[in-house]
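Visitor: I have a model open and some time to go through it. Can you take my questions as they come?

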Amino acid sequence: MKDDFFFTLTTFRGGASVSGGISVGHLLRPGERSGIIMFCSEKKLREVERIVKANDREYNEKFQYADNRIHTSKYNILTFLPINLFEQFQRVANAYFLCLLILQLIPEISSLTWFTTIVPLVLVITMTAVKDATDDYFRHKSDNQVNNRQSEVLINSKLQNEKWMNVKVGDIIKLENNQFVAADLLLLSSSEPHGLCYVETAELDGSLCCYKDVPWVECQLFGAQEALPTFLKQETNLKVRHALSVTSELGADISRLAGFDGIVVCEVPNNKLDKFMGILSWKDSKHSLNNEKIILRGCILRNTSWCFGMVIFAGPDTKLMQNSGKTKFKRTSIDRLMNTLVLWIFGFLICLGIILAIGNSIWESQTGDQFRTFLFWNEGEKSSVFSGFLTFWSYIIILNTVVPISLYVSVEVIRLGHSYFINWDRKMYYSRKAIPAVARTTTLNEELGQIEYIFSDKTGTLTQNIMTFKRCSINGRIYGEVHDDLDQKTEITQEKEPVDFSVKSQADREFQFFDHHLMESIKMGDPKVHEFLRLLALCHTVMSEENSAGELIYQVQSPDEGALVTAARNFGFIFKSRTPETITIEELGTLVTYQLLAFLDFNNTRKRMSVIVRNPEGQIKLYSKGADTILFEKLHPSNEVLLSLTSDHLSEFAGEGLRTLAIAYRDLDDKYFKEWHKMLEDANAATEERDERIAGLYEEIERDLMLLGATAVEDKLQEGVIETVTSLSLANIKIWVLTGDKQETAINIGYACNMLTDDMNDVFVIAGNNAVEVREELRLMP
C-alpha cells in the first residue's frame, strides 16, 4: 500500500489533509451514435466517445484519429523565424531597439545612422536564435529517433516491421520483453498464464527522476529538465496488467489474432493515467474494460516474453503525450527582473526626453526667431510645439545608450559559463556510477539560487523505499519487541540473536526478526496468529515466479506489500502463485488453494484493499488491510476492547517512525455474497456512474469487520538526507513533504531528517478539509 496515494500533506509545523477525485470521460450507451461539435467556421471535430475496430484501418480512418507520429519541437523551417522573432521581441529591450531602429529611419528626427542600432540588435537576436535553434534541433532529433523505432504490426495476416509513426489506431502490435510500448494498447494476450504481463512505468510515474542508486544529497541536479531541482527517485516497481479471458485465449496464434474484429467503445483521449473506461464488443457479448487492461505508451514490457495489444490511442492522443503539453517559451525571474529594470530606465528616458523637448519649445518661442534671422533663414514660421515634438524623438535616439542592450548579451554569456561550471563540479560527480551533473538548460543556475520552497515526496525520496517488516500487533499483543530477563523492553543490538529461519527452505535469507514469541504462537496453533498471517499471504497484488535455481521470486507493485508477504513467507504462510480465479499458498507445509471470488482494489479514496476468497472447506472470507483511520470505522461493535489496545499499539509504532496498516476480516454468508456479486457484475457492465456504483458495493460488503491487529514496517532514510536538509535550512529554504503516514509517523520522520529540531516551537497541526478552513487555521497560528 503505497503512501503516495493517500495525499496527506504534512508540513514541518503540522499537517493538512487534502483529497481529490479524478473525472473520466463520458461514455455513450451502446448503440448511440457518437456526435461531433463544430465551432463556428473551424473545421475541428471534437470527440465525445472513441470507437475502434480491430484490424480494420479503413473503418477507423473515417473518424480521422491521429496517427502515431509525435513531435515535441517548437519550430520547423517555415515557422522558426516568425515564432522565434515574436518570442524574442517579448523582451522589452529588444522591442525598444526595434522601435528605435524605425525612428532612425525618419530623416526629420534621426541624428544617428541606423547602423548604430541594427548591429547590436541583430547580434543579440542572432545569438539567441542560434541557441533556440540548437535546442529545437535536439528535440527534432529525439522525435525522429522515437518515430522511427521499429515495432511488429499485424498487417494482412502477417507480422511486419513498421515504424512507430506509421502505426494506426486499431492495429494489433506484438511487444517483446524489454521493449517500449509504442501506443496506448488494449492487452489481448501474453506469454504468461491467464494473459498477465508486467510493465515498468518509470517514464510515466517519474519522468522527472534521478538515477536510482544515487544518494539523496548528490542527486539534486542529475537529469534536471527544468529550472527547479528534482528530488524524485525513479519508480522501479513493476505493475501487473491482465487481458480479458476471452482474448487471452488468442495467444500467439497469428491467424486467430488477424481474425479478431472486436469493437472497443471507450472514453475520449485524456491525461488520466490511472483511469480508463470502455467496453469491448466481440462475438455477441460485451466485456467491461478498465485501467488494468490497458498498457500505456512510455511503459516497458518486463519479465514477459511477448504480448499482443490493440492500439486504442496513438501519437498525441496517448496519455503520455496528453500529459506532456506543448513546449512553451519560458522566462526566468532574471529575465522578468531585467524587463522591469528596462521599463524603469525607459520611463526615465521618456521623462528626460519630455523635459528636453519642453525646453526646446520654450527656446524656440523666445530665441528661435532671432536665431533664424541671424542665419538669414527666411523660411516660413516654425511652430515651437512641433519643434519640441521632433526634438523629443531626436533625444530618444541620441540617448538610446541609456537602455543597456548589451546587458542581455552579458547575461547569456554568464549563464552559459555557469552551466559548464555545474557540469564540471567535482562535488556533484557520483563516482560509484561515474555520473556527472548535467545542466540541460543554461538558466538552471540562476533559478536554483532563487529557490525558496521545496515540495518533496517522502517515500523513495527522503526514504529508500525499501520496506522491512519490524513489528506487529495480533489480538492485542505486540510482536517484534525484545525483552531482557526481567521482562523489560530492550533495544535491538547486533548481539541479539534473530529468529532462525534457516530450517525453512522457502524463507527469505535477508529477513530478520528478533522476537521468538511469534514463532512460539505459530507452533502452538494460535488461530488469530494463523489468520493474521494467512491474510498477509492472501490480501495483496504480488506476483510470484521461480528462478532457474528454483527459488521463489516476488514481483511487487508496492514495497510494503512485498515486506508483508515476505514476513508471512518466513513465518510459514508462503504465497506460491495466483491466477485470475485462484490464490495458492503453503500453510505450514500444506499446499492450500483458495478460490478468488472478488478483488477490491486500493485507491486513494478507499485507503484500503480487500480480497474475497473461498477456502477448501467452502467458507467465504473477506480479508482487508488499510489505513487504521478508515478500517476502524468498518469494525463490528464487538471489537471495542481490542480496538482500544490496537490503537495504543499503532500510536507506539507511529511514534517510532514505522508505517502502519490495520488488519481485519469478515465471514460472509454464501447467499448474501451471490446477491452482492450479481450486483457487482451489473455495476461493472454499466456505462453510467460505474465507479460510484462499484464504490457503493465495496462500502456495503466491507463492514462489520473483525479486527485481527496491525502491521508496522520500516522505511529507512536515504543516505545523506540529514546533511542535505540541514544545508537547505541554512540557506533559508522551506521544505514541504507529502506523505500518507499517520501524524505521529510524519512528525517522527521530520525529527529524524532534521527538518524538525528541538529548537523549534510547538508543532502545529492543520486539520482543515478545505481551503477556507486551512486558511483560517493558518491565520490563527501564533
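Guide: Start with helix 18 and helix 19, which are roughly antiparallel to each other (roughly antiparallel is an angle over 145 degrees, roughly parallel under 35, roughly perpendicular 65 to 115, the rest oblique). Helices here are DSSP runs of H or I with at least four residues, and strands are E runs of at least two, numbered from the N terminus. This is a predicted model, where local features need pLDDT of at least 70 and side-chain atom pairs 80 or more, while totals for chains, interfaces and linings use all residues. Residues are numbered from 1 along each chain as its sequence is written, and side-chain values use heavy atoms, with hydrogens and water left out.

Visitor: At what angle do helix 18 and helix 19 pack, and how far apart are their axes?

Guide: Helix 18 (residues 670-685) and helix 19 (residues 690-701) pack at about 165°, with axes 9 Å apart. Axes are lines fitted to C-alpha atoms, for helices over the stretch in contact, and angles run from 0 to 180 degrees between N-to-C directions.

Visitor: Which residues make the contact?

Guide: On helix 18 they include Tyr672, Phe673 and Trp676, and on helix 19 they include Arg693, Ile694 and Leu697. Contact means heavy atoms within 4.5 Å.

Visitor: Switching to helix 15. Is helix 15 mostly covered or uncovered?

Guide: Mostly covered: 12 of its 12 residues are buried, with Asp560, Glu561 and Arg569 among them. Buried means under 20% relative accessible area, exposed over 50%, partly exposed in between, using a 1.4 Å probe and protein chains only.

Visitor: What span should helix 15 have?

Guide: At 1.5 Å a residue, the 12 residues (559-570) should span 16 Å, and the end C-alpha atoms are 16 Å apart, which agrees. The expected span is 1.5 Å times one less than the number of residues. Helix 15 is followed by Gly572, whose phi is positive, near 105°.

Visitor: Now sheets. In what order do the 4 strands of the open sheet run?

Guide: The order is 3-10-11-12, with antiparallel pairing; two strands pair if DSSP finds at least two bridges between them. Strand 3 (50-53) and strand 12 (285-289) are at the edges with a single partner strand each, so one side of each has no neighbour in the sheet. The twist averages 20° from one strand to the next.

Visitor: How many bridges join strand 11 to strand 12?

Guide: 5 bridges, with strand 11 covering residues 278-282. Trp282 stands opposite Ser285 in strand 12.

Visitor: Last one: where is Asn291?

Guide: Asn291 is in the loop between strand 12 and strand 13 (294-295). Asn291 counts as buried because its relative accessibility is 12%. Leaving aside neighbours within four places in sequence, Asn291 is in contact with Arg241, Leu273, Asp274, Lys275 and Phe276.
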